Amino acid sequence: MAELKALCMKCRDANKKPTMQTMTNPVVTKNEKNRYSAKGTCGTCGGNMFKFMSEADAKAMM
Ligand SMILES: [Zn+2]
């Protein structure tokens, strides 16, 4: 499975900005507006992550 990175709201840098972390156990879903998104767990802190994806990225994850 491709590695997915997303901004983690808990893993912040020295400037308190969210940082890109690897999403583990991503679950890709498609909503009623045909938008793909992924939900998963932050590989660094274990917090919940959410990310909108392009159709191509979503299909690569499926
Ligand atoms: Zn995190």
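Which residues does L7 touch, not counting residues up to four places away in sequence? The partners are P18 and M20, where a contact means that the C-beta atoms of two residues, placed from the backbone, lie within 7 Å.

## About the model

Before going further, a word on what you are looking at. This is a predicted model, in which local features need pLDDT of at least 70, side-chain atom pairs count only at pLDDT 80 or more, and totals for chains, interfaces and linings use all residues. Residues are numbered from 1 along each chain as its sequence is written.

## The chain as a whole

Starting from the N terminus, the order of elements is β-β-β-β-α.

The C-alpha trace of the protein chain spans about 35 × 25 × 15 Å along its principal axes. Of its 62 residues, 16% count as buried; a residue is buried if 20 or more other C-beta atoms lie within 10 Å of its own, exposed if 12 or fewer, and partly exposed in between, with C-beta atoms placed from the backbone. If you take the contacts between residues at least 6 apart in sequence, 28% of them join residues at least 24 apart.

## The sheet

The four strands form an open, antiparallel sheet in the order β1-β2-β3-β4. Two strands pair if DSSP finds at least two bridges between them. Strands β1 and β4 (48–53) are at the edges with a single partner strand each, so one side of each has no neighbour in the sheet. From one strand to the next, the twist averages 45°; the axes behind this angle are lines fitted to C-alpha atoms, for helices over the stretch in contact, and angles run from 0 to 180 degrees between N-to-C directions.

## From β3 to β4

Strand β3 (residues 36–42) runs antiparallel to β4, and six bridges join the two. To follow the pairing on your screen, look for T41, which stands opposite N48 in β4, and for A38, which stands opposite K51 in β4. The hairpin of β3 and β4 has five residues between the strands, and G46 takes a positive phi near 80° there.

## Back to L7

L7 sits in strand β1 (residues 4–12). Why does L7 count as partly exposed? Because 15 other C-beta atoms lie within 10 Å of L7. L7 and Q21 are 14 residues apart in sequence, while their C-alpha atoms are 6.2 Å apart in space.
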